[in-house]
Amino acid sequence: MASRTAPVLDTRALNRATLARQLLLSRAEMSALDAVAHLLGLQAQNVKPPYFQLHARLAGFRPAELAGLMESREVVRMVTMRSTIHTHTADDALILRPLVQAARDREVNQFRKGLVGVDLDRLALEARAFVEAEPRTMGEIREQLLKEWPEADPQSLSVAARCLLPLVQVTPRGVWGRSGQVRLTTVENWLQRPIEKAQSVGKAQSVGAGRSDVAEVQGVGEAQSVDGVVLRYLGAFGPASVKDMQTWAGLTRLKESFERLRPRLLTFRDENGVELFDLPDAPRPDAGTPAPPRFLPEFDNLLLSHADRSRVITPELKGRTWSGNQAHRVLLLDGFLGGLWKADAGVLTVELFGPASRARKEEIVAEGEALLADMADTPAGTGTGTGTSTGAVRFGSIRG
């Protein structure tokens, strides 16, 4: 529980602070590479969401910019936070994947019944040699491992390989307009660089108990440590609680890192009394700061990176971004979830969750037309958007 003397940040104040960190109050004059680094990666279960995430955040962004970064291997797609695919800079891929290794080890343990008799160290070596010879599909990896352990459960073997190795999806997978089948190799092989020996959360707690510098690893600077990632998380998602960051990372036991950093941070509390941490010089705009409409893709990290998501999703709209197991693309209005959208054949359909003024609808249409113009489905290198609307925006239901 936060100290009663800590300043209170109400929901709108938290909303505006988070939008500022997420580059959603106004589009940033920033390169795509710098934005991916600032945001600590982009959620990327599907191919297109990272591109839409950057379009909502960056001035002048076109898909070819991120596609080029993928082809030059300056950014990569791999499993990291919350055991989901993210697009990271090459540097962050080498830093963040070891950070979450303990969580991936726990994931393997959930499949041990299907791995009876399987030597996991040997499995990792076998799988590494196989994917580093040339990129492989998960099916090919599974079949190769079944040759060594024919009695094992095929799914469990796949999970073990995915969790034990830092696998990246090689291009053209993830390239706008060219994406193909998922093929995998190790991040070290793809980047021709060694993975950072950053200490992972979980291991840090067991090998360094009682030490004040438990998160620091000899020869590795703060940016590669747990503490360094905490500071970067606050810069992209703060103000935030310990549970917020644990939700974002899919990790536990981060409280000790926040406590080590407490002298360097400001503390607040939300309207429920939960303690929030923040960087002293981070932006915290006035709660009345205007927030323009923004079209975000499914799985945008803005919606997934806090334990308490009321700073973006009001309680009455909780659960409205999903239909069954399908995640919808979302529309932010005045900084909060205000509707859903989809785009088919040059028509962008917007479903609003409440009434909107004529002026607000005009803003939505203008933003939607810019999206259609800038994100036309053209392969990387064949076009960058003309700035002229290529479709129409209409209001209606996207779910039936």
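In the hairpin of S12 and S13, two residues lie between the strands, and alanine 345 adopts a positive phi near 50°. The model is predicted. Strands S12 and S13 belong to an open sheet of five strands with mixed pairing, in the order S8-S11-S12-S13-S14. A second open sheet, also of five strands, has the order S1-S3-S2-S4-S5 with antiparallel pairing.

**Mixed sheet: order and pairing**

- From one strand to the next, the twist averages 30°.
- S11 and S12 are antiparallel and share five bridges; leucine 331 has glycine 339 in S12 as its bridge partner.
- S11 and S12 also form a hairpin, with two residues between them, and aspartate 334 in the turn has a positive phi of about 55°.
- S12 and S13 pair in the antiparallel sense over six bridges, and the bridge partner of alanine 343 is leucine 348 in S13.
- Strand S13 (residues 347-352) pairs with S14 in the parallel sense, over four bridges; here valine 350 stands opposite phenylalanine 395 of S14.

**Mixed sheet: covering helix**

- Helix H15 (residues 358-374) lies across S8, strand S11 (329-333), strand S12 (336-344), S13 and S14.
- The direction of H15 is at about 140° to S14.

**Antiparallel sheet**

- In the order S1-S3-S2-S4-S5, the edge strands are strand S1 (42-43) and strand S5 (184-186), and each pairs on one side only.
- S1 is joined to strand S3 (residues 85-89) by two bridges in the antiparallel sense; glutamine 43 has histidine 86 of S3 as its bridge partner.
- Helix H5 (residues 90-99) lies across strand S2 (75-79) and S3, and runs at about 125° to S3.
- Helix H7 (residues 120-133) lies across strand S4 (167-169) and S5, and runs at about 115° to S5.

**Packing of H7 and H8**

- Two packed helices are described by the angle between their axes and the distance between the axes.
- H7 and helix H8 (residues 138-148) pack at an angle of about 135°, and their axes are 10 Å apart.
- That angle makes H7 oblique to H8, and the crossing of the two helices is right-handed.
- On the H7 side the contact is made by Arg122, Leu123, Glu126, Ala127, Phe130 and Val131; H8 contributes Glu140, Ile141, Gln144, Leu145 and Glu148.
- By class, the contact of H7 with H8 has six nonpolar, four charged and one polar residues.
- An α-helix has 3.6 residues a turn, so residues three or four places apart point the same way.

**Buried helices**

- H5 is mostly covered, with nine of its ten residues buried.
- The buried residues of H5 are Ala90, Asp92, Ala93, Leu94, Ile95, Leu96, Arg97, Pro98 and Leu99.
- Helix H13 (residues 242-249) is also mostly covered, with six of its eight residues buried.
- Val242, Asp244, Met245, Gln246, Trp248 and Ala249 are the buried residues of H13.
- The cover over these H13 residues includes helix H12 (226-237), helix H14 (255-261) and strand S7 (275-278).
- Glycine 250, which follows H13, has a positive phi near 70°.

Methods
Residues numbered from 1 in each chain as written. Predicted model: local features only at pLDDT ≥ 70, side-chain atom pairs only at ≥ 80, totals over all residues. Heavy atoms only, no water. Pairing = 2+ DSSP bridges. Contact = heavy atoms within 4.5 Å. Axes fitted to C-alpha atoms, helices over the stretch in contact; angles between N-to-C directions. Parallel < 35°, antiparallel > 145°, perpendicular 65-115°, else oblique. Left-handed = near helix turned anticlockwise from the far one by under 90°. Nonpolar A, V, L, I, M, F, W, Y, C, P; charged D, E, K, R; others polar. Buried < 20%, exposed > 50% of the residue type's maximum accessible area, 1.4 Å probe, protein only.
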